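Here is a short briefing for a reader new to this structure. Please look over the sequence and the model, then go through the points by topic.

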Amino acid sequence: MGNHIKTFRIATFNVSMEALNYLPYNKGVSPNPTGQELPQALKSEHPQIKNIAEIIQRVNPDIIVLNEFDRVDQNQGNLSIFIEQFLHQSQQGQKAVHYPYRYQGPVNSGLVSPFDLNHNGRQGQLPQDGYGFGYFLGHYGMALLSKFPIKERQIRTFQRFKWADMPNALAPMHPNTQTPWYEHKVWSQLRLSSKSHWDIPILIGQSTIQLLISHPTPPVFDGPERRNACRNHDEIRFWYDYISTDKCGYIYDDNGHYGGITPEHGFVILGDLNACANEGDGLTGSIQSLLSHPQIIDSKPESLGAKAHSPNNPFAKNHTSDWRMRADYVLPSKPHFTVNASGVFWPSKNSSAHHLVLNRASASDHRLVWLDLTLNQ
């Protein structure tokens, strides 16, 4: 791609490659995953992985974020295998896609803490007592694939940012006593990111854009204290503050540098945010604020398949998951970009590609979301 490139396709896809999908079920009960499931699935050319690769080939994004791609090896060998043996190879007659640039950094999921975070009387027990929920280190990881160069030396990660260091953080409380769920020595050490927050600069022609990538925890699977809901809220709020020049001063990255977005660069927020502005059980304030931020373009991608999946739901056309919510987002910045087209890969029943979205076992319980953008810089 030459220096004249200004228009490109960018996507996010929760590929649901976390280990539970590959475990052999015994009467509906599976053992705890160990981290060996994804390598084994890649080796055996699991049909779900082939279908995921086919979806990516059909959409052919220039940049794509993958959520829930386990990071079980520091040299990113599993990611390389997926790219080289699945994306570089035609799936069901689709044209192969090539991503010469990739990034898969460390995450908090499966990183054990010394605390009893779920208050069950036992300390340091995975998955609940991890800095992020996970059965092993790197469970539910994230990855970035790109046809454009990644400016790796300028990547900022926020894996170790402390939740307590966010001003007015939404700390979980015991609902009956209104006392903190986490005692001070625990609260002061907790990390905000359930996986991580990444700011990854990409070079498109002569212009740098910043990809803001994350995968907040689901706002459920907790208790009346709503600790996951609170965390999800603040993981999303992190990006609101990061792109707001009057709010980002408190934010520090893993190298100790403070501050937020580089104002002259365009940015795109990407990932499964596990939140919806008008549906679900989450605390909707932060996602509502983010979508209405004056620097954000929300093109509200939609699909015929989603609308047919929930025909009586007025919000259905924008759903990105088969559990009937909008959870996955591609949000570019004003005035840096023009949105030319957008969509959710959710083929209708009369489509020849419908087999790829029949159920979670087909590929994923999420759908790929894409935007065609023109860079106005």
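Buried means under 20% relative accessible area, exposed means over 50%, and partly exposed lies in between (1.4 Å probe, protein chains only). This is a predicted model, in which local features need pLDDT of at least 70, side-chain atom pairs count only at pLDDT 80 or more, and totals for chains, interfaces and linings use all residues. Residues are numbered from 1 along each chain as its sequence is written, and side-chain values use heavy atoms, with hydrogens and water left out. Helices (H or I, at least four residues) and strands (E, at least two) are DSSP runs, numbered from the N terminus.

**Aromatic rings**

- Rings of Phe, Tyr and Trp (its six-membered ring) pair if their centres lie within 6.5 Å; planes under 30 degrees apart are stacked, over 60 edge-to-face, and the rest tilted.
- By this rule there are 18 aromatic pairs.
- Phe161 and Tyr250 have ring centres 6.0 Å apart and planes at 50 degrees, so this pair is tilted.
- Phe161 sits in the loop between β5 (156–157) and α4 (184–187), while Tyr250 sits in the loop between α5 (227–242) and β8 (266–272), 89 residues apart.
- Phe161 is buried, with a relative accessible area of 1%.
- Tyr250 is buried too, at 15%.
- Phe161 also forms a tilted pair with Tyr252, at 4.7 Å centre to centre and 45 degrees between the planes.
- Tyr252 lies in the loop between α5 and β8, so its pair with Phe161 ties together parts that are 91 residues apart in sequence.
- Both Phe161 and Tyr252 are buried.
- Ring pairs link a cluster that includes Phe158, Phe161, Trp239, Tyr250 and Tyr252.

**Charges over rings**

- A charge sits over a ring if NZ of Lys or CZ of Arg is within 6 Å of the ring centre and within 35 degrees of the ring normal.
- Arg9 lies over the face of Trp370, 4.1 Å from the ring centre.
- Arg367 has its charged end over the ring of Trp346, 4.3 Å from the centre.

**Nonpolar cores**

- A nonpolar core is a set of buried Ala, Val, Leu, Ile, Met, Phe, Trp, Tyr and Cys residues joined through side-chain atoms within 4.5 Å.
- The largest core has 62 residues, and Ile56, Leu66 and Phe82 have the most contacts inside it.
- Helix α2 (residues 47–59) gives the most to this core, with six residues.
- Apart from it lies another core of 35 residues, among them Val186, Leu190, Cys230 and Tyr242.

**Helix packing**

- The axes of α2 and helix α3 (residues 77–87) come within 10 Å and cross at roughly 75 degrees; axes are lines fitted to C-alpha atoms, for helices over the stretch in contact, with angles from 0 to 180 degrees between N-to-C directions.
- The two helices α2 and α3 are therefore roughly perpendicular (65 to 115 degrees; under 35 is roughly parallel, over 145 roughly antiparallel, the rest oblique).
- Residues making this contact (heavy atoms within 4.5 Å) include Ile52 and Ile56 of α2 and Phe82 and Phe86 of α3.

**Backbone details**

- The peptide bond from Leu126 to Pro127 is cis, with omega near 10 degrees.
- The bond from Lys334 to Pro335 is cis as well, with omega near -10 degrees.
- Ser16 has a positive phi, near 50 degrees, and is not a glycine.
- Ser16 is buried, with a relative accessible area of 0%.
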